[in-house]
Amino acid sequence: MTHVIGVDAGGTSTRAIAVDASGVVLGAGRAGGANPNSHPPAEAAARIASAITEALGGLDPAATAACVVGMAGVSKLSDPAIAEIFETTWKNVGISPVRTVPDSEVAYASATSAPDGSVLVAGTGSIAGRVRGRRVVSTAGGYGWLLGDEGSAYWLGREAVRSTLDVLGLGGEPGPLARAVLAEALGPSAVDSVDSGDRAGLWRALITSANSEAPIRLARFAPFVSRADREGDPAADEITTRAAAHLVTNVMAARDPGETTPIVLVGSVLSPEGPVGAKVRAELTGLEALTSTDGVLGAAWLAAVDAYGEGAPRPVSAAENTKNAP
């Protein structure tokens, strides 16, 4: 009996599952984030190894027919020294071969069996990819917080702070978004201060606060934009509308004119319940827009296709199948 392993290694968590040839999940493992851009590569590799080892349980690593690791920050492995760290890790775990792919590829595969299409990711960062043969062959966006990531949680948070600064500097009426940003960044008393007229002091304090932290920390303001949009705040509505426009522009750039293949939407910003996700889906009306379900399932299915061919069954739910695992 052989099995395959799928891994979804993100910035905050890593999950692995072992699946047999019939699609039954035999075991699952979890570890911390393993993006080698945001974690030391040796630590990232060790976390992936820990998740795989837990998923294997009592299974023989040598019976692993294929392993696909979907990794955020996989481009880091283009450095031979970094790649060697991961290769050593695979050898120590005892599995071979291992195929590392972008996390967007496993997210795409989690939602559709179609070999060709597009994938749009909007979480902390954002990127769109053209998928051919289940592999991302070209991208739009994805340049990181300094150079882009339009429509991402980082971008939404940055625009929320900029909008609040405009209110303070230009004398506008602070709405739900501005009040939420001030309370989060400077404390609840800041909301009272804006009503009492200390806007210049708050303007300076907010700029100082935003610049005193790592830039990516601006992403924590993104949920306030969504909430304020639902409350009818025009400033938040304007931000989410622009975010959706940026994201749609990027994903359409990753498609051929008139292309009718699926578009898979991935990430918290593109949740169907959120305003950005809703606006993106409205812009994509007439196209097949799917929501990524669980990247680790996509990774396991790609591994199954590698090992058993196109007819390999798809795991339906890691949690559901694990209930029936031996």
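Reply: Happy to. In this predicted model, helices α4 and α7 pack with their axes 9 Å apart and at an angle of about 160°. Because that angle is over 145°, α4 counts as roughly antiparallel to α7. The crossing of the two helices is left-handed. On the α4 side the contact is made by V161, T164, L165, V167, L168 and G169, and α7 brings R199, L202, W203, L206, I207 and A210 to meet them. Sorted by class, the contact of α4 with α7 has nine nonpolar, two polar and one charged residues.

In soluble globular proteins, nonpolar side chains tend to be buried together. Here the largest nonpolar core has 43 residues, and L206, one of the α7 residues in the contact with α4, is among those with the most contacts inside this core, along with L120, L156, L177, F221 and V280. Helix α4, which spans residues 153-170, gives the most to this core, with eight residues.

F221 sits in the loop between α7 (199-211) and α8. Its relative accessible area is 3%, so F221 is buried. Leaving aside neighbours within four places in sequence, F221 is in contact with G157, A160, V161, V181, E184 and A185. The C-alpha atoms of F221 and A185 are separated by 9.0 Å, although the two residues are 36 apart along the chain.

The other one to follow is V280. Not counting residues up to four places away in sequence, V280 touches L120, A244, L247, V248, L265 and L270. L120 is, like V280, listed among the core residues with the most contacts.

The axes of α8 (residues 222-230) and α9 (residues 234-253) come within 8 Å and cross at roughly 120°, which makes α8 oblique to α9. This crossing is left-handed. V225, A228 and D229 of α8 meet A236, D237, I239 and T240 of α9, and the residues of this contact divide into four nonpolar, one polar and two charged.

Beyond α9, in the loop between that helix and β9 (263-266), is E259. With 10% relative accessibility, E259 counts as buried. Neighbours within four places in sequence aside, E259 is in contact with G117, S118, R130, R132 and L287.

Finally, some backbone details. Most residues other than glycine have a negative phi, and most peptide bonds are trans. R134, in the loop between β7 (126-132) and β8 (135-141), has a positive phi of about 65° and counts as buried at 11% relative accessibility. D149, in the loop between β8 and α4, has a positive phi near 60° and is buried too, at 8% relative accessibility. A cis peptide bond joins S96 and P97, with omega about 0°, and P97 lies in the loop between α2 (80-93) and β5 (98-102).

How values were computed:
Residues are numbered from 1 along each chain as its sequence is written. This is a predicted model: local features need pLDDT of at least 70, side-chain atom pairs count only at pLDDT 80 or more; totals for chains, interfaces and linings use all residues. Side-chain values use heavy atoms; hydrogens and water are left out. Axes are lines fitted to C-alpha atoms, for helices over the stretch in contact, and angles run from 0 to 180 degrees between N-to-C directions. Helices (H or I, at least four residues) and strands (E, at least two) are DSSP runs, numbered from the N terminus. Angles under 35 degrees count as roughly parallel, over 145 as roughly antiparallel, 65 to 115 as roughly perpendicular and the rest as oblique. A crossing is left-handed if the near helix is turned anticlockwise from the far one by less than a right angle, and right-handed if clockwise. Contact means heavy atoms within 4.5 Å. Ala, Val, Leu, Ile, Met, Phe, Trp, Tyr, Cys and Pro count as nonpolar, Asp, Glu, Lys and Arg as charged, and the others, Gly among them, as polar. A nonpolar core is a set of buried Ala, Val, Leu, Ile, Met, Phe, Trp, Tyr and Cys residues joined through side-chain atoms within 4.5 Å. Buried means under 20% relative accessible area, exposed over 50%, partly exposed in between (1.4 Å probe, protein chains only).
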